[in-house]
Amino acid sequence: MTRHFDTRTVDRLELAHAPMIDSFGRQISYVRISVTDRCDLRCRYCMAEQMTFMPRRDLLNFEEIVALADILIARGVRRIRLTGGEPLVRRNVMNLVEQLGSRIGAGLDEVTLTTNGTQLANHAKRLFAAGVRRINVSLDSLDPQSFAHITRRGRLDQVLNGIEAAAAAGLAIKINMMALAGVNDDEIGGMLAWCVARGFDLTLIETMPLGEVEDHRPERYLSLRDVLADLQQRWTLIPSLYRSGGPARYFDLVDSGTRLGLITPMSRSFCDGCNRIRIAATGTVYGCLGHEQKVELRDVLRQGGPKAVDTALNELLAGKPQRHSFDLAQPATARHMNVTGG
Ligand code: SAM
Ligand code: SF4
């Protein structure tokens with residue numbers, strides 16, 4: 001049976017409230033919560049054409065996600081990012097966003113979201129009202145055909161409408177673009193110009209070998225070192241001290257409000273500064289995107305309550321891997337990116 005917890009329960013149980021520090025001295029202040037592994041798109045670098053998703057009955061309910069969030073906040077987590085799969089396809093997800101949003105200023109600094117944008121037009125205003133102030137929207141192409149090819153079933157106009165609605169609602173927007181050799185490498189400069197014109201930030205991402213997909217990843221890999229060198233021919237980019245809490249390093253584009261971020265899991269490791277753990281929709285918590293190391297929190301929460309969760313988190317921290325080590329020719333994990341999100 002599901003037990004009922006809230007922040008007060010966590011306080012009453014007098015948890016140590018000890019910060020979460022792993023065996024390499026890294027403090028965890030950031031959690032990504034995948035609310036579903038399902039998605040209305042099938043991006044070629046993320047998913048296989050035929051995917052088997054988790055049974056809905058195995059997912060944490062919203063009350064359990066909030067209970068976990070409260071425990072994590074009590075242990076020093078300041079930022080929560082909801083992700084997926086596509087977080088906005090989970091039914092009534094806005095109820096969860098609102099509950100988490102009510103923790104902002106009461107231990108939590110921010111709630112953010114990574115989305116493919118297809119459902120944004122319906123949710124933008126409510127996201128802002130819930131306290132969300134910035135979102136990441138994945139957009140790999142501004143060409144309708146190329147977008148449809150990459151996502152296998154996406155409609156570009158639907159996503160662009162969603163982005164427009166989000167900007168109109170007051171949400172700061174960062175576009176996430178996967179850099180893919182032979183697919184969208186010729187569009188990166190154009191995407192940057194598009195973001196500059198709209199006051200959006202842009203983060204470029206190198207593809208990671210997570211789960212089996214039909215695409216041959218080594219062929220698709222594009223080093224962001226090379227992309228950066230190319231962009232520097234056309235733009236003045238100043239290295240920025242800004243940190244979003246995630247793994248990107250940033251550059252300010254002179255004469256614009258745009259920041260360019262680079263996420264370089266392949267060409268330049270960012271593991272030394274890792275401050276995060278990832279919770280899958282079933283309550284499995286992963287210490288690292290590139291490893292299978294995990295603890296299962298759902299049954300621990302249901303049967304043991306917050307104190308047992310606290311102990312399981314300590315176990316996760318003790319075993320959190322030092323770094324990922326990817327070989328593009330073979331998946332580092334059986335699970336795809338939609339299980340743990342980004
Ligand atoms: N569906 C939402 C979206 O697309 O923004 C959220 C989940 S998606 C898994 C989060 C991010 O992970 C997206 O920006 C996507 O481009 C990125 N991603 C997916 N598969 C990846 C892979 N194999 N390597 C690197 N990034 C990946
Ligand atoms: Fe869905 Fe996001 Fe994966 Fe694309 S990257 S298939 S939108 S979860």
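Guide: The largest pocket is lined by Thr36, Arg38, Arg56, Leu59, Phe62, Val89, Arg90, Arg91 and Asn92. This is a predicted model, in which local features need pLDDT of at least 70, side-chain atom pairs count only at pLDDT 80 or more, and totals for chains, interfaces and linings use all residues. Residues are numbered from 1 along each chain as its sequence is written, chains are lettered from A and ligands numbered from 1 in the order in which they are written, and side-chain values use heavy atoms, with hydrogens and water left out.

A pocket here is an open set of points on a 1 Å grid over the protein atoms alone, where a 1.4 Å probe fits and protein lies on both sides within 12 Å along at least five of seven lines; its lining residues have an atom within 4 Å of a point. The volume of the largest pocket is about 260 Å³, a volume being the space filled by probe spheres set on the points, which are joined across faces, edges and corners. Its lining divides into three nonpolar, two polar and four charged residues, where Ala, Val, Leu, Ile, Met, Phe, Trp, Tyr, Cys and Pro count as nonpolar, Asp, Glu, Lys and Arg as charged, and the others, Gly among them, as polar.

Phe62, one of the lining residues, also belongs to helix H2 (residues 62-74), whose axis comes within 10 Å of that of helix H3 (residues 93-101) and crosses it at roughly 25°. Helices are DSSP runs (H or I, at least four residues) numbered from the N terminus, and their axes are lines fitted to C-alpha atoms over the stretch in contact, with angles from 0 to 180 degrees between N-to-C directions. The crossing angle therefore makes H2 roughly parallel to H3, a term for angles under 35 degrees. In this contact (heavy atoms within 4.5 Å), Phe62, Ile65, Val66 and Ala69 of H2 meet Val93, Asn95, Leu96, Gln99 and Leu100 of H3, and these residues comprise seven nonpolar, two polar and no charged.

H2 has another partner in helix H10 (residues 298-319), where the axes come within 10 Å and cross at roughly 30°, so that H2 is roughly parallel to H10 as well. Here Glu64, Ala67, Leu68, Ile71 and Leu72 of H2 face Leu301, Arg302, Pro306, Val309 and Leu313 of H10, a contact with eight nonpolar, no polar and two charged residues.

Among the 13 residues that line the second largest pocket, Arg243, Pro247, Ala248, Arg249 and Phe270 lie nearest its centre, and its lining includes three nonpolar, six polar and four charged residues.

Conventions. Helix = DSSP H or I, 4+ residues; strand = E, 2+ residues; numbered from the N terminus. Parallel < 35°, antiparallel > 145°, perpendicular 65-115°, else oblique.
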